[in-house]
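Here is a short report on a predicted model. Keep the structure open beside the text and follow the parts as they come up.

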Amino acid sequence: MYQALYRKWRPRTFDDVVGQSHITDTLKRQVQDGRLSHAYLFTGTRGTGKTTCAKILARAVNCEHPVDGNPCNECAACRGIEDGSVMDVLELDAASNNGVDQVRALRDEAVYSPAAVRKRVYIVDEVHMLSTAAFNALLKILEEPPEHLMFILATTELHKVPATIKSRCQQFAFKRISPLDIAGRLKIVAREEGIPLTNEGAALLARLADGGMRDALSLLDQCATGSEGAELGEQEILDSLGLAGNVETAALMNEIAAHDAGAALERLDRLYAAGKDVGSLLNELSSLTRDLLIRKTAPRGGSALLTGGYDEQSLRGLDQALTSPRLAQMLGQIQSTTADLGRSANRRVDAELCLIRLCDETLDDSPAGLNARLSRLEELASGGGFSAPPARPGVKPEAPRTAPAPTPPQTPAAPPKEEDLPPWDMEPPPAPQERVAPTREQASAVQTQEPPAERKAPSEVPASQPPASTAAVGDFWPGMVASLKGRIPMGEYSFLSNPAMVKGAIDGPVLTLWTQSDFVKNMISKPGILAAIDKAAKLLPGAPYRVTVTVGVPPVQTALAPREKEHDNLDDLLAGEFSDIITEE
């Protein structure tokens, strides 16, 4: 009966295990020196040799004639353990025996001495599937087992194993096998099996295996069955494994690189109608984008990191059309959409929206999208590739702008005549030489008339100063709050700018901020906020003011303290020389 290659070529000694020398060398020395532990914990991804090493170790500790720590595989104990006739070595699957009752039965049986070999060995695969009660039942015997008992636990999810179990075991981490080691092992197996596998085909299978030797042997078995004696190269392996559909993914990536959203949506519709799952399509796009980004980032040593599903010619063409920031932005967009597909109400719509954003990076407002657009601008600027944008349908293209013609130098204009000037720009008439006594009516008018306000340039007037000296609560407070915008955080500014929450009133030398509640008072009483308010209050008439914050409603709205009246020479004139005339009248 035919036997699968991964079963037929399973290693039988530690020396046959590929890519895990850091573990096999240690186990061989422990067997040689007799310094064996009562419990081992093997961790790592699938197909890296955990169960294989557990079976080899079970034979090695019971072998009658071990060779440098390896089992001889010839004695009765090795043969019996290998064919399963020795009942003292048991392999259990914790996925189907995860209850506390099964573990209790194992614990009760483990105390008996082995019947055919020296040690009773329990190999528990996928131990992380045990329940909490089962783990608790296993703890006691795992901590203090009999001399004849050994546990070998294997798991692919170490984080699910309790710390109490880890602390009682010697832990060995199985790493992913490198593509180079996998390719070398595949060449040996192919030569022994008579499979015409090329070096390129072996490298491709090694990359597709993703670090697992079992996956690589299974892929080789599938390709050898479909090839019917033909030479196995890259193209034959792609066709045999059904990866030729990646051509559609590469074509879709070409349309994305060309910013052709219409063609990309049409291809998605065609693949969707043919039964292609949008989640699988996005995963293939993600793998291709990752390969392109790896090639960009590590052009020399990155070939060993590629998934291997695409030919070199396709990758080279896409590599030239896409920049690293654009690839990083695309990969983030695809990964985000893929993660949300499980909660999506319409998976197809999400996939279409993802393709539209991939084709037009201006629709992505994330930092990665902004970086991609800046990178494109830098590339165009460095290569002189700026061109006019394509004309939209139905929109008349704008005529090219021309530089304005230089204007001839102008001669300075003649000064305007005095009669053409406005009254405020005319020169004042010369002062009269002789003083004329004013009449009684003129003197009384002079006394009641207020002195004209001194005109200031707009740049000399503070931004928060009210327009008049009679600014009450509602007059000066909005202007003062407006001057604080941009100087304090928007959260506190929203309270100050809301009249229902904060009102300002002046009572003598105190500027009181009346707040609606204690919460508002605490928000605007921060040192930085009060410092900004105090700085703005210094620009008010009658400054300086002392700023306080109080909860309640302001009393009668008082006006700002008027500035001290400026000294006017006209008062001295009326009080001096014209006082007699006014008195006589």
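## Helix 12 and helix 13

Helix 12 and helix 13 are roughly antiparallel to each other. Their axes cross at roughly 155°, and angles over 145 degrees count as roughly antiparallel, so the label follows. The axes come within 9 Å. Helix 12 covers residues 246-257, and helix 13 covers residues 261-273. The crossing of the pair is left-handed.

Which residues make the contact? Helix 12 supplies E248, A251, L252 and E255. From helix 13 come A263, A264, R267, R270 and L271. By class, the contact of helix 12 with helix 13 holds five nonpolar and four charged residues, with no polar ones.

## Helix 12 and helix 17

Helix 12 also packs with helix 17, at an angle of about 50°. Here the axes are 8 Å apart. That angle makes helix 12 oblique to helix 17.

Five residues of the contact between helix 12 and helix 17 are nonpolar, one is charged and none is polar.

## Helix 16 and helix 17

Helix 16 (residues 324-340) and helix 17 (residues 347-359) have axes that come within 10 Å. The axes cross at roughly 170°. The two helices are therefore roughly antiparallel to each other.

On the helix 16 side, the contact uses R326, Q329, M330, Q333, I334 and T337. On the helix 17 side, it uses D350, C354, R357, L358 and C359. The contact of helix 16 with helix 17 divides into five nonpolar, three polar and three charged residues.

An open sheet of five strands runs in the order 2-3-4-1-5, with parallel pairing. Which strands stand at its edges? They are strand 2 (89-93) and strand 5 (170-174). Each has a single partner strand, so one side of each is left without a neighbour in the sheet. On average, neighbouring strands of this sheet are turned by 15° against each other, direction ignored.

Strand 1 (residues 39-44) runs parallel to strand 5, and five bridges join the two. F42 stands opposite F172 in strand 5.

A second open sheet has three strands in the order 6-7-8, and its pairing is mixed. Its edge strands are strand 6 (502-507) and strand 8 (546-551), each pairing on one side only. Neighbouring strands of this sheet are turned by 25° against each other on average, direction ignored.

Strand 6 pairs with strand 7 (residues 510-515) in the antiparallel sense, over six bridges. The bridge partner of D507 is V510 in strand 7. Helix 23 (residues 527-537) lies across strand 7 and strand 8. The helix runs at about 125° to strand 8.

## Salt bridges

Side chains of opposite charge can pair when their charged atoms come close. How many salt bridges does the structure hold? There are 19.

One of the salt bridges joins E193 and K8, with the closest N and O atoms 3.0 Å apart. This pair links distant parts of the chain. E193 lies in helix 8 (residues 179-193), whereas K8 lies in helix 1 (residues 5-8). The two residues are 185 residues apart.

Note on methods
Residues are numbered from 1 along each chain as its sequence is written. This is a predicted model: local features need pLDDT of at least 70, side-chain atom pairs count only at pLDDT 80 or more; totals for chains, interfaces and linings use all residues. Side-chain values use heavy atoms; hydrogens and water are left out. Two strands pair if DSSP finds at least two bridges between them. Helices (H or I, at least four residues) and strands (E, at least two) are DSSP runs, numbered from the N terminus. Axes are lines fitted to C-alpha atoms, for helices over the stretch in contact, and angles run from 0 to 180 degrees between N-to-C directions. Contact means heavy atoms within 4.5 Å. Angles under 35 degrees count as roughly parallel, over 145 as roughly antiparallel, 65 to 115 as roughly perpendicular and the rest as oblique. A crossing is left-handed if the near helix is turned anticlockwise from the far one by less than a right angle, and right-handed if clockwise. Ala, Val, Leu, Ile, Met, Phe, Trp, Tyr, Cys and Pro count as nonpolar, Asp, Glu, Lys and Arg as charged, and the others, Gly among them, as polar. A salt bridge is a side-chain nitrogen of Lys or Arg within 4 Å of a carboxyl oxygen of Asp or Glu.
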